[in-house]
Structure formats: C-alpha cells, structure tokens
Amino acid sequence: MPLLSWILLFCLLGGVLSVLAAVVFLLLNEALRSRLLPHAVSFAIGALLGAALLGLLPHALEGVEGTDFHAITGAVLLGLFGFFLLEKLVLWRHCHHEHCEVHTPEDDNHHHPAAGTLILVGDGLHNFIDGVLIGAAFLTDIHLGVVTSLAVAAHEIPQEVGDFAVLLHSGFSTGRAFLFNLLSSLATVVGGVLAYYGLKDLEPALPYVLAVAASSFIYVAVADLIPGLHKRVEFSATLKQLLLIGAGVALIYATHSTLHT
C-alpha cells in the first residue's frame, strides 16, 4: 500500500474513531462513565509514554548523523517549553473532564458559547499537529507510524469526551456538537498530508520532528494527565492506575515488537 494511503488511513482512524468513541462514552449512564474515564486516562498515559520513549525517541536518535545526540535531546527540551507556552495561550488543551481550569464556566446555570468556540479552535490545531506527527512517523518507518497512531488515538478519546461535554454545555445540540467535533478531527488528515508532501524531501529534519513529537506525548502525559490521577491517593486506586499505565506501555511495546518481526 502506498505510504500516503497509510498516513490517510491512520489519520482518519485516529480522528474519526476517537470522536465516535467519545459519543458512545457520553451515551453511557453517568455513574458508569465516571468509573471508566479515570481508567481510560491511566491507559492513555502508558500509551503516550511508551510511544515517546520506546518508539519515537529511539528512532530520532538513530536518524541523527554522528554522535550529536545533544541536538535531539535539545529538541525534546525545546518541545517541552513550546507546548508549555502553547497551553498557556490556550491553544493546546487536553482536559480529560468537563470541569478544569479552561473548561469550567463561571456559572453552571448559563450557556457559554465562547467556551465551545475556543474548544473547537484549540482542538483543530491540536488535531493538525497530531496529523503532522503521524505523517512524520510514517515517513520514518511504517511500524513507527502505526505505534504513534495508536498512542494518539489512546489519548484522544478522554480529551474528546471532555470537549464534547463542553460543547453541549455551551449550547450546541448533540448533532451539531458531533458534526463540529468530526470536522475538527479532519484537521489530523490535513496535517498528515502536509507532512507527507513537506517533510519527505527534508529527511535530515525528520529526527527532530520525531523528537518534538516525543516531547508532546511526554508533556501531555506528565503535565496534563498524571496530575489528575493524584486526586485518588488510596492504595487500591494507585495500584489500578499503575496496572493500566503498564498495560498502555505493554500495548505499545508489543505492537512495536510484533510489527518489526
């Protein structure tokens, strides 16, 4: 199958399936939803860290010429600073629940259309960046592209659940919220296509793109998702979190190992 077809397929799968999963999740009763969402977040953390540290970074280091590994680790460091600034500007937000610093309205009894618009803009940009990262991974290695796509899908589902809930609270009907979320997810395809045509002739830059991709996964896992797990401090909850994080890492490792054999 042509490389562009791989990129288009997995960009579509990652974007569309995450929106559909979010809709199905929101259709569950509230009690079941509250029990399942923290588990999905824990699993997403493992998938993100596994993809970053077992997939993206090793390939980035292999792709750099000579022994100048400091350039790659420097790109990771700059990436972490960059995503911190983007989040500060509310251009990148991975809230995995409806009530957070950005999503919480001042008065829950009133609709806030601006919040819904802000979510769509931020989500569109985030999906575009995800598409670029998926495209860059596929340009490096098809197996790496598959692993990166799995990690993107894993952390997209909790985020889409939160974003969908905010759109409904902002006054969007269920149909409009689904349609706009679906259109926003197509930005992943745009990012993937642009990466294919813009990066394939810039092979020396690919290791640095992969390094930035790794930094984005690490940032989302460590800065956005892990703090939410610390709200549950009892031993049983911590053990479940560790097991699910491990399961996320194991899935990425098993997928990567299987694809390379």
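Predicted model: local features only at pLDDT ≥ 70, side-chain atom pairs only at ≥ 80, totals over all residues.
Is the crossing of H2 and H3 left-handed or right-handed?

Residues are numbered from 1 along each chain as its sequence is written, and side-chain values use heavy atoms, with hydrogens and water left out.

The protein chain has nine helices and zero strands, taken as DSSP runs numbered from the N terminus (helices are H or I, at least four residues; strands are E, at least two). Of its 261 residues, 46% are buried, meaning under 20% relative accessible area with a 1.4 Å probe, protein chains only.

Now the inside. The largest nonpolar core has 49 residues; such a core is a set of buried Ala, Val, Leu, Ile, Met, Phe, Trp, Tyr and Cys joined through side-chain atoms within 4.5 Å. H8 brings the largest share of this core, 12 residues. Another core, of 11 residues, lies apart from it and includes Leu26 and Val161.

Back to our pair. The crossing of H2 and H3 is right-handed, which means that the near helix is turned clockwise from the far one by less than a right angle. Their axes come within 9 Å and cross at roughly 145°; axes are lines fitted to C-alpha atoms over the stretch in contact, with angles from 0 to 180 degrees between N-to-C directions. Leu57, Ala60 and Leu61 of H2 meet Phe69, Ile72 and Val76 of H3, contact being heavy atoms within 4.5 Å. Thanks, all!

How values were computed
Buried < 20%, exposed > 50% of the residue type's maximum accessible area, 1.4 Å probe, protein only.
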